[in-house]
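Welcome! Please take a look at the sequence and the model below before reading on.

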Amino acid sequence: MTDVAETGFAIHPMDQFIVKPIFREIEPGTCVPAEDIYEGCIKWYEITNVTVWMALAVLAIVALMVFGSAGRATIPSRIQSVCEMIYGFIYKMVEDVTGHDGVKYFPYVMTLFLFILFSNLLGLLPMSFTTTSHVAVTVTLALLVFLGVTILGLVKNGIGFLGMFWVSSAPLALRPVLAIIEVISYFVRPVSHSIRLAGNLMAGHAVMKVFAGFASMAVISPVAVGAVTAIYGLELLVAVVQAYVFTILTCVYLKDAVGGAHH
Amino acid sequence: MEAEVAQLALMGKYIGAGLAAIGLGGAGIGVGNIAGNFLAGALRNPSAAPSQTANLFVGIAFAEALGIFSFLIALLLMFAV
């Protein structure tokens, strides 16, 4: 980790992404992988800021959905209409993109959307931690989608699922080349799927902290504070759009598995 | 001598990170192209536009992903190498 004198920032822009246990401090020198000292490191069962903010996201979703569906009024209350809007939005998206056969996977898509949306939005609170800015979190989500789609496609279409890589509309001489490209692009999917979400959020939050660092310099601090405000608004948009993009790409991938045999 | 080699490696690291960030410019061009063409098409036929917003976002996401890859390389060079 570079120190303040070296980089010139009052706040280091990447410090906000450090995973640390919440019930203790890691003593310096007790976790040095190069010297085989691991006692002080984070154990797998330990509660860190990542787990806390993920749990808060889940709690927020549960609270929204429980309170939203508690009344079940004909004329919906405000919280009920929020729930209905989210539900209808995702339902329509799944139906439009994957077709009628894909609707039974709607609960999973809805779960993904809500988890990512709430993680992104909770991460925007000051002093909070953006769990989705960590590749470890987004890779888990993307790999689940990738493995799920692959297994589902193979179970549903059998060996015919591999026909997806054999582009029958292309000239015969080109097909082997296209097949290689298709296979590569298929296996790059989870990479781009996860890196897009993590990269967007990490970049946005780092930029915000860079401008926050400039706010400590007296001359440009009004400009920096204005810039932080503007970027915050942009990040609010990015948080929602990235959750939407992750979900719609899940639907696009799901369509290959559900309707792979006939298209 | 060793200090100079370390300095040179540091220089290479930062220059590489800067070069990798150029890739984001390409992603910017791509995203702008998609959004601009979508708008042009949507103004010609506004009634068909809402059904194509999903395609718009998928296209933007694909174009953006490649830029994010180069940004990732820049970050890796800055903080991980």
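This report goes through a helix pair, a nonpolar core and a chain contact.

## A pair of crossing helices

Keep in mind that this is a predicted model. In chain A, helix H3 (residues 78-98) and helix H7 (residues 221-258) have axes that come within 9 Å and cross at roughly 40°. The crossing in which H3(A) passes H7(A) is right-handed.

On the H3(A) side, the residues that meet H7(A) are Ile90(A), Met93(A), Val94(A), Val97(A) and Thr98(A). Their partners in H7(A) include Ile248(A), Cys251(A) and Val252(A). Sorted by class, this contact has nine nonpolar, two polar and one charged residues.

## The largest nonpolar core

The largest nonpolar core counts 45 residues, and Phe113(A), Ile116(A), Ala243(A), Ile248(A) and Cys251(A) have the most contacts inside it. At least two residues of this core come from each of H2 (49-70), H3, H4 (106-123), H5 (135-157), H6 (175-214) and H7 of chain A, and also from H2 (53-80) of chain B. H7(A) gives the most, with twelve residues.

Which residues does Cys251(A) contact, leaving aside its neighbours within four places in sequence? They are Met93(A), Val94(A), Val97(A), Thr98(A) and Val109(A).

## Where the chains touch

Between the chains, 15 residues of chain A are in contact with eleven residues of chain B. On the chain A side, H3, H6 and H7 are the elements that give two or more residues, and H6(A) has the largest share with six residues. By class, this side of chain A has ten nonpolar, three polar and two charged residues.

Key:
Residues are numbered from 1 along each chain as its sequence is written. Chains are lettered from A and ligands numbered from 1 in the order in which they are written. This is a predicted model: local features need pLDDT of at least 70, side-chain atom pairs count only at pLDDT 80 or more; totals for chains, interfaces and linings use all residues. Axes are lines fitted to C-alpha atoms, for helices over the stretch in contact, and angles run from 0 to 180 degrees between N-to-C directions. Helices (H or I, at least four residues) and strands (E, at least two) are DSSP runs, numbered from the N terminus. A crossing is left-handed if the near helix is turned anticlockwise from the far one by less than a right angle, and right-handed if clockwise. Two residues are in contact if their C-beta atoms, placed from the backbone, lie within 7 Å. Ala, Val, Leu, Ile, Met, Phe, Trp, Tyr, Cys and Pro count as nonpolar, Asp, Glu, Lys and Arg as charged, and the others, Gly among them, as polar. A nonpolar core is a set of buried Ala, Val, Leu, Ile, Met, Phe, Trp, Tyr and Cys residues joined through C-beta atoms within 7 Å. A residue is buried if 20 or more other C-beta atoms lie within 10 Å of its own, exposed if 12 or fewer, and partly exposed in between; C-beta atoms are placed from the backbone.
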